[in-house]
Amino acid sequence: MHRFYLPTEASEGASLTLTQREAHHALHVVRLRRGERVSVLDGVGHEYLCDVREASRESVTLAVLHKTAIPPLPYHITLLQAVTKGKAFENTIQKATELGAFRVVPLLSERVVSQPDEDTAASKVEKWQLIAIDAIKQCGSAWLPHIEAPLPLKEFLARHEKFELPLVASLQDDRRHPREVLEEYRLEHGRLPKSIGVFVGPEGDFTSAEMDAIKESGAFPITLGPLVLRSDTAAVYALSVLNYELQATAP
């Protein structure tokens, strides 16, 4: 079944209309026809089962047959990812969405090659959001992650955001396995964390001073295995391991 996306304000009523980008995909890529059944996701926890009622040159009208509310994961993972060059960060957005990330915060650390200005950053965020939309359509997630504008690491740390369990991917000697850190949290609090923030550095990793600042903010250093991973691979690894451990040990 083909999936499409409409924001929540366009997903109300018994009839939905695909326009612009979604209509182009429906009409010219998958070539929908009257009577076909499709799914529409609104990115905030709802899936609409629909029939195609009319397909014109520029829009597709859908009749809503059933609306399903899909609960979010019982935990929120925020990926605090240093911006990588080229299309690597786009790949990170795609995979983070597929892996159920709640939020992605692009960080500009000292070793980040590309330091976008305000206009460039806004354009990048718009593109990343479209990549995330395509990703939920591909994987069937009803939840679209929030993607923030890039900001310097120091500025993010100055926010003093609180996660129940902050983590940082580390190559230093004090790193521990994520399972060990999660189990320690569970034993102390009697439950698993509901909010996790995981920092992942750029190619070449965070500088020693940056790593110290992240740890001073409360983040626990974790290992991502014995190999030195590319930054985008490290993000996928971290999200995969955390999802596995949180779901495997959930009551």
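Leaving aside its neighbours within four places in sequence, with which residues is Gln247 in contact?

Tutor: Gln247 is in contact with Leu73 and Tyr75, once its neighbours within four places in sequence are left aside; contact here means heavy atoms within 4.5 Å. This is a predicted model, in which local features need pLDDT of at least 70 and side-chain atom pairs count only at pLDDT 80 or more, while totals for chains, interfaces and linings use all residues. Residues are numbered from 1 along each chain as its sequence is written, and side-chain values use heavy atoms, with hydrogens and water left out.

Gln247 belongs to helix H7, residues 231–248. Helices (H or I, at least four residues) and strands (E, at least two) are DSSP runs, numbered from the N terminus. Gln247 has 48% relative accessibility and therefore counts as partly exposed. The scale is relative accessible area: buried is under 20%, exposed is over 50%, and partly exposed is in between, with a 1.4 Å probe and protein chains only. Along the chain, Gln247 and Pro74 are 173 residues apart, yet their C-alpha atoms are separated by 9.2 Å.

A pocket is found on a 1 Å grid over the protein atoms alone, as an open set of points where a 1.4 Å probe fits, with protein on both sides within 12 Å along at least five of seven lines; lining residues have an atom within 4 Å of a point. The lining comprises 17 residues, of which Pro72, Leu73, Gly100, Ala101 and Trp143 are the closest to the centre. Strand S6 (76–82) and H2 are the elements that give two or more residues to this lining. By class, the lining has 12 nonpolar, 4 polar and 1 charged; Ala, Val, Leu, Ile, Met, Phe, Trp, Tyr, Cys and Pro count as nonpolar, Asp, Glu, Lys and Arg as charged, and the others, Gly among them, as polar.

Helix H2 also takes part in one of the 2 aromatic pairs of the structure. Rings of Phe, Tyr and Trp (its six-membered ring) pair if their centres lie within 6.5 Å; planes under 30 degrees apart count as stacked, over 60 as edge-to-face and the rest as tilted. The ring centres of Phe89 and Trp128 are 4.7 Å apart and the planes stand at 50 degrees, so this pair is tilted. Because Phe89 lies in helix H2 (residues 88–98) and Trp128 in helix H3 (residues 118–139), the pair ties together parts that are 39 residues apart in sequence. Both Phe89 and Trp128 are buried.

For Phe156 and Phe199, the centres are 6.0 Å apart and the planes at 75 degrees, so the pair is edge-to-face. Phe156 lies in helix H4 (residues 153–158) and Phe199 in strand S11 (residues 195–200), so parts that are 43 residues apart in sequence are tied together. Phe156 counts as buried at 3% relative accessibility, and Phe199 does so at 2%.

These two residues lead on to the packing of the interior. In general, nonpolar side chains tend to be buried together in soluble globular proteins. A nonpolar core is a set of buried Ala, Val, Leu, Ile, Met, Phe, Trp, Tyr and Cys residues joined through side-chain atoms within 4.5 Å. The largest has 55 residues, and Phe156, Val198 and Phe199 have the most contacts inside it. Beyond its neighbours within four places in sequence, Val198 is in contact with residues including Ile77, Leu80, Leu167, Ile222 and Leu242. Apart from this core lies another, of 15 residues, among them Leu6, Leu16, Cys50 and Val60.

Val60 is found in strand S5, residues 59–69, and counts as buried at 0% relative accessibility. Neighbours within four places in sequence aside, its contacts include Leu16, Leu18, Leu27 and Val52. Val60 and Leu32 are 28 residues apart in sequence, with 8.6 Å from C-alpha to C-alpha. Val38, in strand S3 (residues 37–41), likewise counts as buried at 0% relative accessibility. Among the contacts of Val38, with neighbours within four places in sequence left aside, are Leu32, Cys50, Val52 and Leu62.
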